[in-house]
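Thanks for coming, everyone. Let me put the structure up, and then we'll walk through its surface and its interface.

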Amino acid sequence: MELIAFYIFSVIVTVSAVAVIVARNPVHSVLWLILSFFTAAGMLVLIGAEFLAMLLVVVYVGAVAVLFLFVVMMLDVDFVELKQGSLKYWPFAVLVGIAFIAEITLAGLSREMGQNELFNPMPGAATNAEAIGAVLYTQYFLLFQLAGIILLIAMIGAIVLTLRYRPDIQRQDIAGQTARRRADATEAVSVEPNKGI
Amino acid sequence: MSGLIENNGLLLGWLLVIGQILLFTIVLLLSLAFLLLMDRKVWAGVMMRKGPNVVGPFGLFQSFADFGKFLLKEIIIPAGANKTVFLLAPILSLTLAFGAWAAIPVAPGWVVADLNVGILYLFAVSSLGVYGIIMGGWASNSKYPFLGSLRSAAQMVSYEVSIGLIIVTVILLAGSMNLSDIVNNQQGGFWTWHLFSFNHVLMFPIMVVMFVMFYISALAETNRPPFDLPEAESELVAGYQVEYSSTPYLLFMIGEYLNIVLMCAMMAILFLGGWHGPVALGSEFVGLFPAWIVNLGHLAWFMAKVVFIFFLFALTKAVVPRYRYDQLMRLGWKIFLPTALVCVVLVGGYVVYAGVQS
């Protein structure tokens, strides 16, 4: 049963990954990419890592890929023109592909998959969220904090890059607007006839 | 559910599972028809109108008449539309909305899939709902739908962040990501519901704030007024739905309402004690009845809570004017996100130092 599901999922992942590259329309590429992310999450569920699977869906499919799609949809680039010169990059692509396959094969051969303790849930932990938490906040605590700090720096960097003071535009002062009372803006005047204010 | 296959053999087990799913789907769709009517009736009531009152007694069958009308009309696909994606979008929207309901426990043990990471699953699937809208808006190849889908993408991604952090506070208090465990953590009466949490009295003000923020974020996440900017009638006609007609439009609408009711159910489960009544009945009294009648009672409480929150949703739609887009973003990023972050730290600190969990 699990084997059948695994083969179905792996076919879908492979086909959609190929379709990401082959698709002519960039938006279709992103949609295929999302499908392959999603199916990869399904495969994680199959090996019993449901916490990781849900994180993959929440972070990559639910947030990162939405922003991909957002950007690609708004770009107005002629992709046919862009793809014309792409043939000369083929040797590099092949080289990278071969290196990647070689590395994975090497890793797979040196340790038998599934026998490795990394692939098995921690014995004694009730759920795999607990297992990950127990390792993440003890053994890898410093690395985890470091990753958080790197992300924080990246975030601050992005904010600093886009934050510039422009005196020529009007800004809203929301606190000021909501604090306004009737007396600040209006004035009751009794106007005498034929005189005006 | 997983026990069904092991206990009944492969064939009967699968049949039972499929039957369970079908039953749940049908009940859900039927309730949705009446919730839709309720939405319109409440809206009408606030405006001192009568609302739908022609089809059936008190207009009770209005939704079914609408359903027939949607099915019988012609499906129009714009000439410039990307046909596959255009038709895929509403289907995806509906499928995801139904899929999320699989993890909702409606009574003790009455759940299609009792996942260990149930709350994360709900969060993940509801965050995927945005794809239906983006794909629909893009594939229509038209300006209003496109603007609507862009707005929706930014809006839903923003409010997901605060929803996620609010969920974390509940997970911390309950000590589990399993929805049934979260509900059972609130057993014993309304004072132990996460909304009030009088048993952790320090948490009371925080959880009330969390509930209100979850409610507002849920409005934004499901594109309900006052945050219905992706389909703002006065600006974008109908936003991402402009080019949709007939059955595809119906699928979008059912998906949207399923998501709204899902958010109501999440609020009932996370904050209002799920299937538990406001006062715990003695076990001697409960023991007098067979288990399925007790479960029906639990189901009734769960549905009452969901309908109550849906009533609040409908009321909000009628009484609150639409937000402006920059105000919406400001509320999400500058107010909700920091508040939720601080609350996560406070609740986390309380859980650790008050020794709530082992």
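First, a term: a patch is built from residues with over 30% relative accessible area and no salt bridge, joining like charges within 9 Å and nonpolar side chains (Val, Leu, Ile, Met, Phe, Trp, Tyr) within 5 Å. This is a predicted model, where local features need pLDDT of at least 70, side-chain atom pairs count only at pLDDT 80 or more, and totals for chains, interfaces and linings use all residues. Residues are numbered from 1 along each chain as its sequence is written, and side-chain values use heavy atoms, without hydrogens and water.

Now the patch. About 1,200 Å² of nonpolar surface is made by a set of residues including Met1(A), Trp14(B), Phe34(B) and Leu60(B). Helix α2 of chain B, residues 10-46, gives the most, with seven residues. Helices here are DSSP runs of H or I, at least four residues, numbered from the N terminus. Leu60(B) sits in the loop between α2 and α3 (62-72) of chain B.

On to the interface. How many residues of chain A are in contact with chain B? The count is 24 residues of chain A, against 27 residues of chain B, with contact meaning heavy atoms within 4.5 Å. Salt bridges across it number zero, by the rule of a Lys or Arg side-chain nitrogen within 4 Å of an Asp or Glu carboxyl oxygen. On the side of chain A that touches chain B, α2 (26-46) and α3 (50-74) of chain A each supply at least two residues. The largest share, 13 residues, comes from α3(A).

Terms used. Chains lettered and ligands numbered in written order. Areas by Shrake-Rupley, 256 points an atom, 1.4 Å probe, with all protein chains shown as cover.
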